[in-house]
Amino acid sequence: MKVNKTSALIAVAAIALAAILPMFISNNYHLNLMIQVLINIIIVVGLNFITGLTGQMNLGTAGIFSMGAYTSSLLATRLGINPWICLIAAVGMGFLIGMGLGYPSLRVSGVYLALTTIGFSEIVRILMTNLTGLTGGALGVTGIPPFSILGHKFQTNKEIYYLYLVIAIILIFNAYRIVNSKWGRAFLAVKDNPDAVEAGGINIASIKILAFTLAAVYATVAGSLYAHYVGFINPSAYNLEYSINYVVMLVIGGIGSVPGNVLGAILVTLVPELLRFMENYYWLVFSIITLLFVIFLPNGMVSLFKGKKREEKAGKGAQANGR
Amino acid sequence: MADNREGKSILTLNHVTKRFSGLVAVNDLSLDMKERTIHALIGPNGAGKSTAINMITGLLPLTEGEIYHEDTKISGMNAHQIARTSCSRTFQNLKLYRSMTVKENLMMGNMTDRKQGFVPFLFDIKNANKEEKLMNEKADQILEFMGLKDLAGEYPANMPYGKQKLTELARSLMSDPRLLFLDEPAAGLNPSERVEFVNIMLKVFDSGIDIFLIEHNMDVIMNISNYITVINFGAKIAESTPEEIQQDPVVIKAYLGDRYKQNMARGASNA
Amino acid sequence: MQVFVQLLITGIAMGFIYALVGIEYTLIWNATGLLNFSHDKFILFGAYMFAGTYVLGLGLPPVLAILFAVLTMFLFGIVSAFVIFNPLSKLSTNLFAVIGTVILGRIMIESVRLIWGPLPFTLDNFLRGSIHFGSVVVSKAHLVIIVVCSLITAGLQVFFKTTKTGKAMRCVSENKTAASLMGINVPMNIAFTIGLSAIVCATIGILVIPIFNVELQMSSMIGLKGFASGVIGGFGYLPGAIVGGILLGVVEIFGSMLIPSVYKDCLSFVLLIIFLLVRPSGILGNKR
């Protein structure tokens, strides 16, 4: 892994900023937003493996996220299991989903895969809403306990923020390592030229399933963190719109680049809040801004910083292997 | 056809046949490639050369027959499994990774012979970094060997076609293959690029790698190969040394003859 | 028996709706290579335009209102072709295109909410009531859906097979370069196709008003199920969309007799996934 000094400095500065920012914030709502940002970053960084690098369109994030949230919260509330063990169970659920969704990706691609993942996500949502005995139906699950370490419960937003910040940094660091290693190159290679990957002695199937599994595990972990933070969940929010939002973050930030993913997650979570002063119109205005971004800056915010070369090539390569 | 060549077989095809719903692309093809040779498979357009190389490297399944790499049966394996028997190949239409630099392209070439799995990668950062460093050094070595060093950070799309072909060849060398398959290596190259490519091919051969190639360009074939198999309409029509192939009336009729006739006809009509 | 016939008619009616949804996005898919993820918002827009503006707002009689709604949507389709779909289809990967159409949908649903308000409403006298055929009771809405949808599907087939514009549209979907070499104005042709698709969307929106009322979520399920029916019948192929749609409608209605009706919505997605994995080309896929 090549880490040049500038990017290491930027990373340290970003972490320092993330660590001291809450000290100047007393507003609980703002802290809540910052926790939401952390959770979204984890999801987007995960989605980057499959949709950003490997080029497999995953529109089922809502389903994966809610499976993680429900696994964790049902184990915690129904069986009284320690939240940390629930989190590990959510990771296990991520593995299962990753394998399960990775398999279709071997057979179908492009919009067909997108439709498969949408189908999966919708089935999850309908089951969560209607298996009332297990999931609490539309009312959802309440009273989900927070994480605790050595008897100390993480209850205030500030405590939770710092705990989740640590988890997020670990996950982002690993994502960065993966993206800039032979694994990340293999993901990108699958998007660029599958035949050459096979001829290079690499099993495409295992690479795709690995990418899907990583994406799923990141999303289920985020789901678990979310559930143990807010304390209640219900299925109504986890529809296609929700999944799309993460792909928007991915595209706005810049596909393929971990710093881009982080930036995208921050922007797409916070900018609508900045536009709140427009009241009724804020979401419309935000949607128009995102549409303009997609059309005029399809390679994301990172392309503004690092020179367009690589991203353009990425685009062209993908087009050559498109549909 | 009497085969009195010495040495160990490195690639053996036994009665290999490929049918595409009725069309027989390769018909009962048998051949035996010896160690330390540059073995060429030639034939007119549509003779089934590409089908043959794609079957050998596992991109197409066989209809009938068996293929051995040394003593390992490779027919029936997947492409990536065959590649792991230390075979490597290039493609007729370049298959480079367009969103990666030349060096990153190379570093994809030997992903599998560095054995660290994904889970160890996550936890053993030290070894992961060591591996990455080894891959880097290996890529540098090969770039040096191929004379591509100053293009290491370039993207394939920004380079001339000849350099792209060299990059693909370099990538196929990354896995330290024993046997290298080249699919029309000289196609699309201009004469000076062709000379450069032939020299590098010979250099690769001298470094201990056996080469099996498909080629259209007669100059290249006659200059570098030790042994030639000629196929037409999917079936073998001749097999011998370059000198004998050039004299073989069957080959001249099927391959060279037709072309010369065409050329003569074209010359006549132009005149 | 009469229950069976009634269910069958309901199923066929819903099936025709799915079939029209299938047709509407297949038109755009074939013309531009974009899967229009905002198509359910087009349907929504058509319904609001008709009910909110022309009937309740301006007090026009239904026939005139339908005419105006269809015309407005056609123009809207043309405009969005030049403003949105054309730039999107030039982007490098279809990931961006998917996101683009989704965001277009967001903009549309937000506009609907701002223009016509968030509260659901309905049209009281529009396609209400039922008709008796002997002992079989059929709701007027279902009957109208079946008749109108059959007319549209048949009309489109005739349009594509016989008219010059229709033939040109088929050329464009086959090969854009060749079409432009043959003297077809490709961008205009694509715009017209999207306009046509918007007309179909408006029709769907108007037809489902008696079933779903006019509200912001009225079309999201039929939008997704329309995708499912397209895959089941044969993606990107108009007859496939029709067969898949009708099949899905009928299977759904009889399936809900066997399993609790809340899981009815699951059925189409399960079928979608099964078809994608087992037979991605769909029922009619091979005949292309």
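Trainee: How many residues does the contact take from chain A and from chain C?

Mentor: The model is predicted: local features need pLDDT of at least 70, side-chain atom pairs count only at pLDDT 80 or more, and totals for chains, interfaces and linings use all residues. Residues are numbered from 1 along each chain as its sequence is written, while chains are lettered from A and ligands numbered from 1 in the order in which they are written. Two residues are in contact if their C-beta atoms, placed from the backbone, lie within 7 Å. For chains A and C, the contact takes 35 residues from chain C and, from chain A, 39 residues.

Trainee: Which element gives the most to the side of chain A that touches chain C?

Mentor: Helices (H or I, at least four residues) and strands (E, at least two) are DSSP runs, numbered from the N terminus. The elements of chain A that give two or more residues to this side are H4 (83-107), H5 (110-130), H11 (240-253), H13 (282-296) and H15 (309-320). With 13 residues, the one that gives the most is H5(A).

Trainee: How many nonpolar residues are on the side of chain A that touches chain C?

Mentor: Ala, Val, Leu, Ile, Met, Phe, Trp, Tyr, Cys and Pro count as nonpolar, Asp, Glu, Lys and Arg as charged, and the others, Gly among them, as polar. On this side 11 residues are polar and 4 are charged, and the number of nonpolar residues is 24.

Trainee: How many charged residues does the side of chain A that touches chain B have?

Mentor: The contact of chains A and B takes 27 residues from chain A and 29 residues from chain B. H8 (182-192), H9 (194-199) and H15 of chain A each supply at least two residues of this side. By class it has 11 nonpolar and 7 polar residues, and the number of charged residues is 9.

Trainee: How far apart are the closest C-alpha atoms of chain B and chain C?

Mentor: There are 2 pairs of chains that touch, and the most contacts are between chains A and C. No contact joins chain B and chain C, and their closest C-alpha atoms lie apart by 13 Å.

Trainee: What radius of gyration does chain C have?

Mentor: Chain C has 12 helices and 2 strands. Its C-alpha trace spans about 60 × 50 × 35 Å along the principal axes. The radius of gyration is taken over C-alpha atoms, and the globule rule is 2.2 Å times the number of residues to the power 0.38. For 288 residues the rule gives 19 Å, so chain C is as compact as a globular protein of that length, with a close value of 19 Å.

Trainee: What percentage of the residues of chain B count as buried?

Mentor: A residue is buried if 20 or more other C-beta atoms lie within 10 Å of its own, exposed if 12 or fewer, and partly exposed in between; C-beta atoms are placed from the backbone. In chain C, 51% of the 288 residues count as buried. For the 271 residues of chain B, the value is 42%.

Trainee: Is C:Asn185 buried or partly exposed?

Mentor: C:Asn185 is found in the loop between H7 (176-181) and H8 (186-207) of chain C. It has 13 C-beta neighbours inside 10 Å, and therefore counts as partly exposed.

Trainee: How far apart are the end C-alpha atoms of residues 232-254 of chain C?

Mentor: UniProt (unreviewed entry) places the feature "transmembrane region" at several spans of chain C, including residues 6-30 and 232-254; positions are given in the numbering used here, feature names are shortened, and annotations may be inferred rather than shown by experiment. Residues 6-30 are 100% helix and 0% strand, with end C-alpha atoms 35 Å apart. Residues 232-254 are 83% helix and 0% strand, and their end C-alpha atoms lie apart by 17 Å.
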